[in-house]
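The following exercises are to be worked through with the sequence and the structure at hand. Each task is followed by a solution in steps.

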Amino acid sequence: MKLSLIIHSELSPPTIYLASFLLCLVSGLLFYFTSTQVTIQQSNNQTLIDSTNQTNHLFTYTSAKAMAYYPVFYIGIRSDTLNLPHNPVSGFASWNEQSKYEKSSYWSFADTTKMQIKVDTRFDLGYKKYFGEYTENGVFITDSICDYKAFPIFIYNASDSIFSVGIRNAVGNLVREIYTLSGQWVPLEKPIDYFCATYSRDLVIEPNNILVAKLLRYEGEVKALFRLKYMYHQSIVYSNTFEDYVDSITWKQINQ
């Protein structure tokens, strides 16, 4: 209160506005850095700096609504250390960026000779989920935020061509499959469906580059084998198999 009196009595209005702005800015930065826990994790020769809080929250799987959503947090040059921001990459790209790819003569489709997919369960990452609703003007109003557990998905371009693995900021044509007791692979999700692609970004992976997405984990009590399946233009690419959990009701249903 004493500081407020000194500001109002001794400073000019423009200076007061500037001081108020700086105070709000510092308060916001302090809130961000105290509420976000940056973690550094390493597996083999790969280090990930994750800007999302570690948590114990898991998504609830609902078969009728399960849509494959694999948000992208990095696209670029392969490096021993990669920084994953707290939000996915932008779903939109500048005209210059998109035109660069449109004019390229090195376009191709991803297949097993060009693309490799790896899920590394030795990393314990987070995903920040925003809950809220859109206004009539299309503005999203956040009600709450929750962090969920995730694994990283590494998608490598091992070719001398470029290819796209989706639009906006989530990998398309990619679904999660589970291995049943009868020895069959069964899809748990439906491919993501885009209702509009206007001004959307192409998720282009250049030669010898890498894309890092996040696999949002489901809650469950039954340990099972999983894999990711990418299918586009009659080409199918599978990830490595990995262990995770599924709820007992879903496990019983897929094994009937």
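**Exercise 1: A serine in a loop**

Serine 161 is buried, as its relative accessible area is 12%; buried means under 20% relative accessible area, exposed over 50%, and partly exposed in between (1.4 Å probe, protein chains only). This is a predicted model, in which local features need pLDDT of at least 70 and side-chain atom pairs count only at pLDDT 80 or more, while totals for chains, interfaces and linings use all residues. Residues are numbered from 1 along each chain as its sequence is written, and side-chain values use heavy atoms, with hydrogens and water left out.

Task: State where serine 161 is found and which residues it contacts.

Solution.
1. Serine 161 lies in the loop between E7 and strand E8 (163-167); strands (E, at least two residues) are DSSP runs, numbered from the N terminus.
2. Apart from neighbours within four places in sequence, serine 161 contacts Tyr106, Ser108, Ile205, Glu206 and Pro207, where contact means heavy atoms within 4.5 Å.

**Exercise 2: The partners of E13**

Task: Determine which strands are joined to E13 by bridges.

Solution.
1. Strand E9 (residues 174-179) and strand E13 (residues 222-232) run antiparallel and are joined by five bridges; two strands pair if DSSP finds at least two bridges between them. Here arginine 176 has leucine 228 of E13 as its bridge partner.
2. Five bridges also connect E13 with strand E15 (residues 242-246), again antiparallel. Alanine 224 is partnered by aspartate 244 in E15.
3. E13 and E14 are antiparallel, with four bridges, and tyrosine 230 stands opposite valine 237 in E14.
4. The hairpin of E13 and E14 has two residues between the strands, and histidine 233 in the turn has a positive phi of about 50°.

**Exercise 3: Core and surface**

Task: Identify which residues touch the most other members of the largest nonpolar core, and decide whether tyrosine 238 counts as buried, partly exposed or exposed.

Solution.
1. The largest nonpolar core has 52 residues, of which Tyr70, Met115, Ile117, Ile153, Val165 and Val171 touch the most other members. Such a core is a set of buried Ala, Val, Leu, Ile, Met, Phe, Trp, Tyr and Cys residues joined through side-chain atoms within 4.5 Å.
2. Strand E7 (residues 140-157) gives the most to this core, namely eight residues.
3. Beyond four places in sequence, methionine 115 touches Ala110, Ile155, Tyr156, Phe163, Val165, Tyr230 and Val237.
4. Tyrosine 238, in strand E14 (residues 235-238), counts as partly exposed because its relative accessibility is 36%.
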